Amino acid sequence: LQLLHNVPTPQSAASKRELLRRVSKLLLHEILHIYQVDHCIYYKCLMNGTGHLVEDFASPAHLCGIDLRKLQYRCEFDVAARN
């Protein structure tokens, strides 16, 4: 916890929303790695690899069709049946 001592806490509602958005994207990206979905080289999507924070913050928060299909295969669910 000592590492977080000097980390500023977001004050505005917009800052809190942005922090939640960034943390959610990071967690989803890493969870998909647990399901063996590698970095995407086909489209701009959540699973693109990033080299620095600017790229990371600019990356989309959605999966492309290819990575959605990979997740569907790994988790054995039907995208059409879920709508």
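Gln36 is exposed, with a relative accessible area of 53%; exposed denotes over 50% relative accessible area, buried under 20%, and partly exposed the range in between (1.4 Å probe, protein chains only). The structure is a predicted model, in which local features need pLDDT of at least 70 and side-chain atom pairs count only at pLDDT 80 or more, whereas totals for chains, interfaces and linings use all residues. Residues are numbered from 1 along each chain as its sequence is written, and side-chain values use heavy atoms, with hydrogens and water left out.

The chain contains 4 helices and 0 strands, arranged from the N terminus as α-α-α-α. Helices (H or I, at least four residues) and strands (E, at least two) are DSSP runs, numbered from the N terminus. Of the 83 residues, 18% count as buried.

Two loop residues have a positive phi. Most residues other than glycine have a negative phi. Gln36, which is not a glycine, has a positive phi of about 65° and lies in the loop between α1 (13-34) and α2 (53-58). In Glu76, also a residue other than glycine, phi is near 55°. Glu76 is placed in the loop between α3 and α4 (79-82) and counts as exposed, at 73% relative accessibility.

The largest nonpolar core comprises 8 residues, namely Leu32, Val37, Cys40, Cys45, Leu46, Met47, Cys64 and Leu71. Such a core is a set of buried Ala, Val, Leu, Ile, Met, Phe, Trp, Tyr and Cys residues joined through side-chain atoms within 4.5 Å. Cys40, one of these residues, touches Cys45, Met47, Asn48, Cys64 and Asp67 when residues up to four places away in sequence are not counted; a contact requires heavy atoms within 4.5 Å. Among contacts in the chain with a separation of 6 or more, 32% are accounted for by residues 24 or more positions apart.

Gln72 belongs to helix α3 (residues 65-75). Because its relative accessibility is 18%, Gln72 counts as buried. With residues up to four places away in sequence not counted, Gln72 touches Phe77, Asp78 and Val79. The side chain of Gln72 also reaches the backbone oxygen of Phe77 at 3.2 Å.

Methods. A polar contact is a pair of N or O atoms within 3.5 Å; within protein, one must be able to donate a hydrogen and the other to accept it, and residues adjacent in sequence count only if both atoms are side-chain atoms.
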